[in-house]
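What follows is a walk through one protein model, beginning with a pocket and ending with a sheet.

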Amino acid sequence: MAILIKNVRIMQTEAPFEVKENMDVLIDNGIIKQVGANLSAVADKVIDGTNKTLIPGNVCSHHHYYSGLSRGMLISAGPQTDFIQVLKEWWWRLDRGLDEEACYYSSLICSMDAIKAGTTCAIDHHASPSYIKGSLSTIAKGMEEVGLRGSTCYEITDRNRGLEEVKSGVEENIRFAKEVDEKKKHKKVLVEAMIGGHAPFTIPDEGLAMMSEAMKETGRGMHLHVAEDKYDVVWSHHMYNEDIIDRLDRFGLLTDKTLLVHGLHLSEKEIRTINERDCFFAHNGRSNMNNHVGYCKNLPIIKNLVIGTDGCGGNMFEELKISFFKHKDEGLPFWPAEFVNALNRGNRLIEKSFNDGRKWGRVEEGYTADLALLDYQAPTPLVSANAAGHFVWGMSSNCVNTVIVDGKIILENRTFLGLDENKIYEEARRVAQRVWNTVDKIKP
């Protein structure tokens with residue numbers, strides 16, 4: 001379907017930032033075909049963009065869809081005075097309580113919440129130890145039914161069943177990647193695959209070797225937590241007498257498709273290695289504060305910095321605001337422009353993941369039509385020089401009016417097309433209560 005957006009303000013969220021007024025945008029077959037003033041093109045659908053702002057859709061470069069039903073979770077839990085206790089008392093009990101239905105509704109809810117916030121792509125990092133085989137297909141199903149672009153992977157770990165669990169995680173990553181490859185023979189896919197791993201302290205060398213082979217077999221990049229807490233660093237030194245990044249590099253896991261997450265306690269030497277290998281690095285400001293694990297003071301020297309939420313929803317307007325304020329509180333040098341540019345850089349990660357020649361991240365001819373149309377009334381002049389400031393200080397998910405993914409309207413006038421939103425949320429509440437009851441009986 002051809003879509004023509006008329007008389008809209010276009011705001012690029014990639015440096016150099018640019019704002020153009022009174023523009024028309026023609027979309028056809030998932031691609032932006034024309035951008036200009038007073039286009040005379042014929043379209044199946046015309047959207048009046050008067051007083052609205054069109055931006056590239058936001059990208060959440062690290063999410064945990066298994067957290068979709070955790071909001072306000074009522075369970076009994078023991079002390080959580082350090083990061084490992086947080087994992088054992090909360091998150092590792094939750095993921096063990098997930099089954100197929102729970103994963104499906106988690107995916108639907110996370111995808112819908114993302115779309116409503118103007119996020120058009122989420123890079124998921126999944127765990128459900130009681131339901132591994134087939135779980136990535138279930139996550140992808142939820143994304144596809146909502147219409148959100150994304151990728152997913154299974155976080156390989158030995159924390160529950162040792163090497164047997166590691167092998168199951170590797171097998172699921174490979175299985176899903178091959179499933180995606182089969183789909184790609186017939187059509188463009190909306191959800192891609194990566195090779196996931198939980199964190200180095202729960203993956204033995206045998207597991208890293210298997211991950212390396214899986215990356216080679218599938219052609220995918222790795223998605224892995226690193227140095228979220230000092231425990232991960234100490235474990236690597238104690239068990240392997242190596243820095244985390246050197247250990248990963250020993251297995252050939254650091255490539256230009258690799259996504260490393262958190263990295264709060266990596267050394268400058270390790271950051272230099274990551275930069276040399278052209279890896280992506282996802283910062284998750286809200287999650288880091290919530291888990292009280294510290295602050296990543298190396299952000300200014302990271303080459304391929306992207307922004308994620310670590311499961312704290314898919315609202316990147318909110319994530320960026322809080323990340324920016326925390327950064328300034330730490331006395332560090334980034335301004336809104338650096339954070340908005342890092343958010344947009346998630347599109348480079350999409351391009352590496354989909355690897356089919358398409359481009360993302362600009363409202364420009366030839367780019368994929370993943371877009372968000374905002375009802376943003378600027379109280380001060382909105383121009384190229386201050387666009388990033390308006391993004392951080394003024395724009396929010398409350399402004400999101402219409403969302404387009406792959407040239408298809410998913411949300412229009414704040415209403416989902418083709419989805420019974422109320423019914424999905426009602427069912428999600430039912431499933432969430434069942435999951436909570438199960439998790440409450442699971443011992444850390």
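**Pocket and sheet**

By class, 15 polar, ten nonpolar and six charged residues make up the lining of the largest pocket; Ala, Val, Leu, Ile, Met, Phe, Trp, Tyr, Cys and Pro count as nonpolar, Asp, Glu, Lys and Arg as charged, and the others, Gly among them, as polar. The model is predicted: local features need pLDDT of at least 70, side-chain atom pairs count only at pLDDT 80 or more, and totals for chains, interfaces and linings use all residues. Residues are numbered from 1 along each chain as its sequence is written, and side-chain values use heavy atoms, with hydrogens and water left out.

Helix 1 (83–96), helix 2 (100–116) and helix 9 (285–291) each give two or more residues; helix 1 has the largest share, five. Helices (H or I, at least four residues) and strands (E, at least two) are DSSP runs, numbered from the N terminus.

Elsewhere, four strands form an open parallel sheet in the order 6-7-8-9, where pairing requires at least two DSSP bridges. Strand 6 (58–63) and strand 9 (191–193) are the edges, each with a single partner strand, so one side of each lacks a neighbour in the sheet.
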